[in-house]
Amino acid sequence: MPHSRLLKTYESELDGSVKFVVGREPTWNPCMRVLDGHGGWANCATYSNDNSRIVSGSADKNVRIWDATTGTLIKILEGHTGAVTCTVFSHDDARIASASWDRTICIWDSETGTRIRALKGHSDPVRAVVFSHDSSLIISGSADKTIGIWDSITGTLIHSLRGHYDSVSSVAISHDDSQIVSGSDDRTIRVWDAVNKSLIRVLKLYKVHETEVGHKDAIRSVALSRDSKFVVSASDDKTACVWDVSTGEVVCTWDGHHSAVRTASFSHDGSKVVSGSSDRTLCIWGSKSGTLIRRLEGHTNAITSVEFSKDDSNIISGSGDKTVSIWEVTGAHFDPFRGHRETIMSLEFSKDHTRIVTGSGDKTICVWDTSNGALLRKIEASEPINSVSISPNNQHLISRAGEKTLNLWDAVTGSLIYNLTGHTRYIACITFSNGGRWASSGSWDGTACLWDIASGTLFRALKGHPDSVRSITFSHDDLMVATGSDDLGLRLWDAPTGSLIRTIKGSGGPVRCVSFSPDDLYILTAGDEKRVYFWDVETGDKLKTLEGHLEHIWNIGFTRNGSTLLSWDMMGRCHSWLSETGDPEDAGTNDENPTQHHLSVEDYWIVLKSVGGAVEKLCYLPISFSNTQLVIVSQQFVAVGTHRGVMLVLDMSQLLEKFGPNVFV
C-alpha cells in the first residue's frame, strides 16, 4: 500500500491512520483496479500521453475511455460494426484512433467522443493502428497483408507498404517518425523507411551454430524501445524476442510463458519489458539481464495487450475475460492472511466489538481479536458453517449444524456444549438475545425457537407463520421478539410467555431482516425488494417506505440516538434516512440536525457519507478483495470476507476522529 498511486491521489483523505486488524500485508496486490464493462474480449488498451486516461477497444464493437486513476468510465464511443482490435491516442491526446474487424479506422475527438471520420481502404480487417509522433500520420496494419500510411487530418490514404506474405498483426513507428516496423503472421518483422516508403530490413528466424534464433510461429505484436534501437516481438511460439533494429540480430529471448505470447512492450526507460500470454499471466522482464522480475496473475482469460504508463509506475492489460486491469509495477504478490481455506459464509462482530466470528465452507469457525487480528480460537465442525453468532458476553457461539440442528459452543475453549434439536426443516436465521439468556432460531418450518443457554433446552416455540421464518431479533429489553417471514408478514411476540402480540402485514416481499429502534417503539424491516419499511410497534402502522437501494438489503438498524435509519446491501453500500421525516441523506442539514456521517463501501472504496449528501473517499480496497462474499460495516470497523477464505478487517477510528464527534455507523 505505501507505493499505491491511488493512495497517493487520495492521501489527504487517508491521512495514514487506517489500522489493519486482519489482512495487513507489506503492499497491496499489484493489481490496483479492474475496468469492467466491455461485453466482449478487451482486445486492446493504451494510456493517454499525460497518463490521465485509458482507451480500450473490444469485441463488443465499442471503444471506452476511462479515468486512469479511479477507473471510472468516462465515455463509450460507438460506431464500428465489427470487433475493435486496436486503439491509440494521438500524441497531443486530442484524438483517438481505433482499428476494427469492419476494415475501417475511426478517428474520434477524445473529449467529446464524436467520430471525426472513418478511414476506408483496407480490403480485410484492420488489426493495428498507431499515430506518428507528430500526429500528422496514421499507420495501420491489416489482414490484407499491407501497411497503410494515412493523412490523419484529411483521412487520405497516402501509401500502402507491401511485402508481407500473411496478415499484418502489429505496427510501430520510431520516435523520429523515420522508420515503421511491422509484425506479421508470416513470422517476420519488417523495418520500413517511412519517408521513402521502402523496405530496409527483414528480421526473421536464422541460425547461430545450428541453433535457430528468432520466431517459429506467427508474430502477434511488435513495439519499439524509446530510443528506437530495439524492437520487442511476441509470438505464438510462446516466446518474446528483443531484436537490434540496425543489425536484425536477436539480443534476448524470453521463454517463460506456457502458451502463445500475444503482446509485449518496453518500459519508457527501456529497463523492462512486459509480456502477456494466452496462459493468462503477465511477465515483467529485465530488458538487459533477461531475468524474470515478476509474474502477475489475476486475469481469467488470455492477455491481449500490455503497456507501461508513461512514467513506468503502472501497467495496463486487456484480456479475453472482457476486462482491463491496472497493475502497480512496484507492487508485489502476497500470501493473504488466512484462517479459512474456503468461502467465508458468515461474519459477525461481537456486541462490544472486541471479537469477530466467521464461519466457512471449510467446516470451521474462527474467533478473532479485533484489537490485533489474532486468531483466538479455531473450531472444527462437522458441516460447512454458513451461519454463526456470538453471545453478548463473548462466552458462547451458536451455529447451524446441517439443516435442522444447532450447535452451542464454548467460545473460549472451542468445546461443543449442546446440540439443539427441534426444527423440522432448514434453519434460516440465528441470533442471541441482548441479555444473553436465550439463543433464537427461525426455520423454513414456519417456527421460531427460543433456546435456554444454561440448560440447552427449548424454552419457547413461536408458531404462527404460514411460511419460512427468515429473520429474527429481540427488543433491547428482551421482552419482545420480532420475526420476519416469506409470508410477507412481521410478527411480534412476548418473549417470556411466547404469546403472539401482533401480526403486521404490508411488506412487498419476504422479510429478510428486522431491527428495533433504541427505545423499542419502532421497528425496521427489509428484504429482497430493496425497500426499507418503518413500523410503529404499538399500532402496527406502516409509517414510511424508504427506497434507494439497487441491491438486496443485507442489514438494517438505527443510530444510537435513533435519529437516523441505516441500511446496507451485501456489498457494504449504505443508505441513510432521517427517522423523523424519512428524508434521504441528501436532504441537507440545519442547526437542529447537524451534519452526521457513516461508513459505506462503494465500488471498493471505503467512503464516509454525511446526511448532508457529501462523500469523502477514505481508502481503496485491494483488488484481491474484489471477489467478496460479504462486506460488514460496524461502528469503526469494515470487514470483508471473500470466496477464497480470506478476510480483511480495517479499524477506521483514527481516521474518523478528524471528522468530529458526529460520526456514527
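## Overall make-up

The protein's secondary structure comes to three helices and 60 strands. These are DSSP runs numbered from the N terminus, helices (H or I) having at least four residues and strands (E) at least two. The model is predicted, so local features need pLDDT of at least 70 and side-chain atom pairs count only at pLDDT 80 or more, while totals for chains, interfaces and linings use all residues. Residues are numbered from 1 along each chain as its sequence is written, and side-chain values use heavy atoms, with hydrogens and water left out.

Of the 665 residues, 59% count as buried. Buried means under 20% relative accessible area, exposed over 50%, and partly exposed in between (1.4 Å probe, protein chains only). Among contacts with a separation of 6 or more, 45% join residues 24 or more positions apart. A contact means heavy atoms within 4.5 Å.

## Confidence

The average pLDDT (the predictor's confidence in each residue, from 0 to 100) is 85. A score of at least 70 is reached by 84% of the residues. Strand E11 has the highest confidence, at 98, and helix H2 (residues 11-14) the lowest, at a mean of 37.

Residues 1-18 have pLDDT below 50; this stretch has 50 contacts in the model beyond near neighbours in sequence. Residues 331-337 stay under 50 as well, with 29 contacts beyond four places in sequence. Where pLDDT is low, the predicted coordinates should not be read in detail.

## Salt bridges

The structure holds eight salt bridges. Each is a side-chain nitrogen of Lys or Arg within 4 Å of a carboxyl oxygen of Asp or Glu. Side chains of opposite charge can pair when their charged atoms come close.

One of the bridges joins Arg127 and Asp185, with the closest N and O atoms 3.1 Å apart. Arg127 lies in strand E11 (residues 126-131) and Asp185 in the loop between strand E16 (179-184) and strand E17 (189-193), so the pair ties together parts 58 residues apart in sequence. Asp185 is partly exposed, at 24% relative accessibility. Arg470 and Asp486 also meet in a salt bridge, at 3.0 Å from N to O. Arg470 is in strand E44 (residues 469-474), and Asp486 is in the loop between strand E45 (480-485) and strand E46 (489-494), 16 residues apart. Asp486 is buried, at 17%. Glu529, Arg531 and Glu547 are linked in a network of salt bridges.

## The second largest pocket

This pocket has a volume of about 1300 Å³. It is lined by 45 residues, and Cys86, Val171, Val222, Val306 and Glu307 are the closest to its centre. Elements giving two or more residues to the lining include strand E3 (42-47), strand E7 (84-89), E11 and strand E29 (303-308). By class, the lining has 21 nonpolar, 18 polar and six charged residues. Nonpolar covers Ala, Val, Leu, Ile, Met, Phe, Trp, Tyr, Cys and Pro; charged covers Asp, Glu, Lys and Arg; the others, Gly among them, are polar.

The pocket is an open set of points on a 1 Å grid over the protein atoms alone, where a 1.4 Å probe fits, with protein on both sides within 12 Å along at least five of seven lines; lining residues have an atom within 4 Å of a point. Points are joined across faces, edges and corners, and the volume is the space filled by probe spheres set on them.

Glu307 is buried, with a relative accessible area of 17%. Glu307 forms a salt bridge with Lys310, the closest N and O atoms being 3.8 Å apart. Lys310 is partly exposed, at 26%.
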